[in-house]
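Subject: Structure handover

Hello,

Here is the structure for your files. My notes follow below it.

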Amino acid sequence: MNWHNRFLQQAGWTSRLRAYLLEQAGLSGARRVLEVGCGTGAVLAGMAGSASVFGVDLDLTRLAEASRHAPRACLVCADGLCLPYPTGVFDITFCHYLLLWVSDPLQVLCEMKRLTRPGGSVLALAEPDHGARLDQPPGLATLGRLQTESLRRQGADPALGRRLESLFCQAGLSLIECGTLQEDEERVLSPAEQQLEWEVAESDLAGMIPQAEIQRLKRLDQAAVRRGRRRVVVPTYFAYGVV
Ligand SMILES: C[S@@+](CC[C@H](N)C(=O)[O-])C[C@H]1O[C@@H](n2cnc3c(N)ncnc32)[C@H](O)[C@@H]1O
């Protein structure tokens, strides 16, 4: 599984929303911007503007990859629960598909708030709610349920998205805007993206159900795609707050 390709795909889904929210947050005038949980640098690599960009991740291998994809970013291996920067040094702190993976998302948001200067912005750009995932045709609902269960077994909170607004309020951030990605609703996948979806699905389902059952679901999925009847909707939430 090439995780950078997966993260690039997800960054593609959120590109319009990210550009809009970062502009609202004042990216063009910002001096320092931090991404918490930056992974392989899929988002940092595309950051526009003259701000100095910083990235933090727990995974050293991913950070090494990020240093190739986002060479101008200043990268640090650290835990989002306890970030190694002084208070109030960033104009914008953000995360993208992170909070579902952390043991204490409120603590991470509190850390992001601590590092952001008064009047600065904290953004959670994409947090899915797999608990509300919709699969069509109905025969493929099993696939959705199994992938959601796999996320849980991997340590994620698959329904984090639905809690995002309340987490921002609990962190003491003034909420400016929140909602779900519109792009999610009618996403048509290219053949290459469909192949990537199945690389993720096969990695998710390995060990959960027999290989023959995985291949049966894959054939069902491919047949539905060919007939133009395949639809997957995972509501994905964003929130924008100020300190
Ligand atoms: C789904 S990836 C998203 C990567 C990147 N934000 C993107 O969208 O391309 C989540 C990342 O969060 C990192 N992560 C998980 N828990 C973390 C924590 N407590 N502190 C810092 N990073 C963490 C993982 O190592 C992983 O790289």
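By class, how many nonpolar, polar and charged residues does the shell around the ligand have? The shell has 9 nonpolar, 4 polar and 5 charged residues. Ala, Val, Leu, Ile, Met, Phe, Trp, Tyr, Cys and Pro count as nonpolar, Asp, Glu, Lys and Arg as charged, and the others, Gly among them, as polar.

Some ground rules. This is a predicted model: local features need pLDDT of at least 70, side-chain atom pairs count only at pLDDT 80 or more, and totals for chains, interfaces and linings use all residues. Residues are numbered from 1 along each chain as its sequence is written, and side-chain values use heavy atoms, with hydrogens and water left out.

Ligand site

In total, 18 residues surround the ligand. The closest are Glu35, Gly37, Asp57, Gly80 and His96.

In the side chain of glutamate 35, an N or O atom is 2.8 Å from a ligand nitrogen. For the side chain of aspartate 79, the distance is 2.9 Å. Leucine 58 uses a backbone N or O atom, 3.4 Å from a ligand nitrogen. The protein covers 92% of the 590 Å² of accessible area that the ligand has on its own. That area comes from the Shrake-Rupley method with a 1.4 Å probe.

Strands

Strands are DSSP runs of E, at least two residues, numbered from the N terminus. Strand β1 spans residues 32-36. Of its 5 residues, 4 are buried, so β1 is largely enclosed by the rest of the structure. Buried means under 20% relative accessible area, exposed over 50%, and partly exposed in between (1.4 Å probe, protein chains only).

Two strands pair if DSSP finds at least two bridges between them. β1 runs parallel to β2 (residues 52-57), joined by 5 bridges. There, valine 36 has valine 56 as its bridge partner. β1 also pairs with β4 (residues 90-95), again parallel, over 3 bridges. Valine 33 stands opposite isoleucine 92 in β4.

Cysteines

The structure holds 0 disulfides (cysteine sulfur pairs within 2.5 Å). For cysteine 95, the nearest cysteine sulfur is that of cysteine 38, 12 Å away. Cysteine 95 is buried, at 0% relative accessible area. Cysteine 169 is in no disulfide either; the sulfur of cysteine 178 is the nearest, at 7.9 Å. Cysteine 169 is partly exposed, with 45% relative accessibility.

Best wishes

Key. A residue is near a molecule or strand if one of its heavy atoms lies within 4 Å of it. A polar contact is a pair of N or O atoms within 3.5 Å; within protein, one must be able to donate a hydrogen and the other to accept it, and residues adjacent in sequence count only if both atoms are side-chain atoms.
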